[in-house]
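These are my notes on the model you sent.

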2 protein chains.
Amino acid sequence: MRELLTPRQVAQAIGVSEASLKRWCDRGLLLTQKTAGGHRRLPLSGVLEFLRTSGHPLIDPAVLGLPSNVGKGETVINRAAEHAQRALEAGADEEFRSETFNLFLNGNALCDLCDKVLAPAFRNIGNSWEHGRIEVFQERRACEICLRTLHELRLMLPALSADAPLAIGGALSGDPYVLSSTMAELSLREAGWRAENFGVGIPVETFCAALTTVKPKLVFLSVSTIPDVAPWIERYKTLRAAATAVGAAVSVGGRALTEEIRRELDYTAYCDTFRHLATFATALRAS
Amino acid sequence: MRELLTPRQVAQAIGVSEASLKRWCDRGLLLTQKTAGGHRRLPLSGVLEFLRTSGHPLIDPAVLGLPSNVGKGETVINRAAEHAQRALEAGADEEFRSETFNLFLNGNALCDLCDKVLAPAFRNIGNSWEHGRIEVFQERRACEICLRTLHELRLMLPALSADAPLAIGGALSGDPYVLSSTMAELSLREAGWRAENFGVGIPVETFCAALTTVKPKLVFLSVSTIPDVAPWIERYKTLRAAATAVGAAVSVGGRALTEEIRRELDYTAYCDTFRHLATFATALRAS
DNA sequence: AGAAAATTCATTCAATTCGATCATTCTACT
DNA sequence: AGTAGAATGATCGAATTGAATGAATTTTCT
């Protein structure tokens, strides 16, 4: 834990503007040190003292332990993934939430957030789990926390325009990974699509029924695991044919889709990343 | 989402003058925090608490970030289940959301909301699905919508007190129904517990590991389906023994727990409804 | 070590909120 | 009907807040 904090960190942690915080420092409400150049530095103990004596609420506790740079730089993003992983494994939902929100509010697109922070974090969590470094409940708890946060981020997206095209999607039966279809849904919503996520374990037949019922312009399919390749490909072909019949595009993605499997498949777009999905969807919408 | 609101925002939202609102704050009718400069800040959860308990109408929901038509109509909890079912089957998420919020703001406890509206609605949806009246995707979409709304309601609960006891829970492997453990989590949080939901498909061993790691005071187990009774009971007994070893209570619930099966089980409490769970948890907390 | 990028500085300015006071409306009781 | 007491809404000057500015400082790279 860091000892000295910048005014910005403290301002964010207690939920006031930097200007007000500095005024409080100058009024002596907070113990303040100064660098040789005149910049304020606030010892953590003094901040805690202030919180105790003034009764001021602590809005964002996680910031007090976090590095100050919340930007878009590569290193920042990498560190964010590690941080997210640690917070998720520890079940520190507040910390994870505030870090994710920071990244979003600092202008990172949701699809990039998913690609560069959340997906890597869960890849690592998956690794930890396979190597027995963490328990299953930690992985499940992490999913719950992340899902909650994603749902909250969804609320922060701008309202859809009336002419937003419809996309439906999810994962076929046998695929238990709920997060990636939610991430795909969010990426599409961010790109202006009315994306409906059906979740995991959707039989192909009901996908086809949905295609004819709600007539989407796009079907997104998240493929995290394929228990048995040959029948899966057959099922996919059924879906693809149904989509083509109603003029819907099909985008597939997910780490189970190896190059070999993809060679067998016919699709409108294969998306390596959620960013790919978003750009593809934007292009499709324009046409 | 804004955590803290200014008196002006709240005054506009509930349709009274700022002067009156400030008097109410000073009389303790609304939970109020103050900035170092003496300005009032009102946490959203406290405002909602006030609205729910006082029955005061909500004039301008948009200010609080709520759906635009909450607080408008008289929503009776009796017909609500049917309405919710229709909206969920149709994928009308906004409609479902605003109706659920209405019920919440009208002072209905979350556990009652789950018991009297959401659970019946999903029972009916399950029936419709079994009789082929709706497609699988409609049921899954309904789950997604409901889960999102539950997560949103979670944000509206007042902050946990520092001494809130810890509860963990979820559903054992083989149980696919995610909603009920989330409802249990919410009911417990409303009752002042720091409830952590691990979700579905938790192996018994990792439950035991969690018991020794995080040392909860309560384990809640949601049982919607039991694929094979005898081994399930064995697994449960392992869990129960581990809980007893660390002094944790065990509450079970769910429609798969028939009377026959319950006779075989040893537990601290069997909860027919989420209301039962809440009252049991409150009693346990008091001791 | 040096340059570029990011952060923080002090200050100003418009908007908001403070506490207090006053006229009006509502309610309960005789 | 009449009145006392309480709650409401409006208004006031003083104080607080948050955003923006250009200059100075710190951090992060090469």
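Which of the 19 residues around DNA strand C come nearest?

1. The model is predicted, and what follows should be read as a description of that prediction. Around DNA strand C, the nearest of the 19 residues are T6(A) and R40(A) from chain A, with T6(B), R8(B) and R40(B) from chain B. By class, the surface near DNA strand C holds nine polar, six charged and four nonpolar residues.

2. DNA strand D has 22 residues around it. Those that come nearest are S17(A), S20(A), T35(A) and G37(A) of chain A, along with G37(B) of chain B. Here α2 of chain A and α2 of chain B each supply at least two residues. The class count for the surface near DNA strand D is 14 polar, six nonpolar and two charged residues.

3. Chain B has an open sheet of three strands in the order β1-β3-β2, with antiparallel pairing. The edges are β1 (4-5) and β2 (33-34) of chain B; each has a single partner strand, so one side of each has no neighbour in the sheet. Between β1(B) and β3 (residues 40-43) of chain B there are two bridges, and these strands run antiparallel. In this pairing L4(B) is opposite P43(B) of β3(B).

4. How many residues of chain B are in contact with chain A? The count is 30 residues of chain B, against 32 residues of chain A. On the side of chain B that touches chain A, the elements giving two or more residues are α7 (136-156), β5 (194-197) and α9 (204-214) of chain B. The largest share is from α7(B), with 10 residues. This side of chain B comprises 13 nonpolar, nine polar and eight charged residues.

5. Within chain B, helix α4 (residues 77-90) packs on helix α5 (residues 93-105) at an angle of about 160°, and the axes are 9 Å apart. An angle over 145 degrees counts as roughly antiparallel, and α4(B) and α5(B) are therefore roughly antiparallel to each other. The crossing of α4(B) past α5(B) is left-handed. On the α4(B) side the contact is made by I77(B), A80(B), H83(B), A84(B), A87(B) and L88(B); on the α5(B) side, by E95(B), F96(B), E99(B) and L103(B). Seven of the residues in this contact of α4(B) with α5(B) are nonpolar, one is polar and two are charged.

6. Are α7(A) and α8(A) roughly parallel or roughly antiparallel to each other? In chain A, the axes of helix α7 (residues 136-156) and helix α8 (residues 178-190) come within 11 Å and cross at roughly 15°. Angles under 35 degrees count as roughly parallel, and α7(A) and α8(A) are therefore roughly parallel to each other. The crossing of α7(A) past α8(A) is left-handed.

7. The residues in that contact are as follows. From α7(A), C143(A), C146(A), L147(A), L150(A), L153(A) and R154(A) take part; they meet V178(A), L179(A), T182(A), M183(A), L186(A) and R189(A) of α8(A). The contact of α7(A) with α8(A) divides into nine nonpolar residues, one polar and two charged.

How values were computed: Residues numbered from 1 in each chain as written. Chains lettered and ligands numbered in written order. Predicted model: local features only at pLDDT ≥ 70, side-chain atom pairs only at ≥ 80, totals over all residues. Pairing = 2+ DSSP bridges. Helix = DSSP H or I, 4+ residues; strand = E, 2+ residues; numbered from the N terminus. Near = placed C-beta within 6 Å. Nonpolar A, V, L, I, M, F, W, Y, C, P; charged D, E, K, R; others polar. Contact = placed C-beta atoms within 7 Å. Axes fitted to C-alpha atoms, helices over the stretch in contact; angles between N-to-C directions. Parallel < 35°, antiparallel > 145°, perpendicular 65-115°, else oblique. Left-handed = near helix turned anticlockwise from the far one by under 90°.
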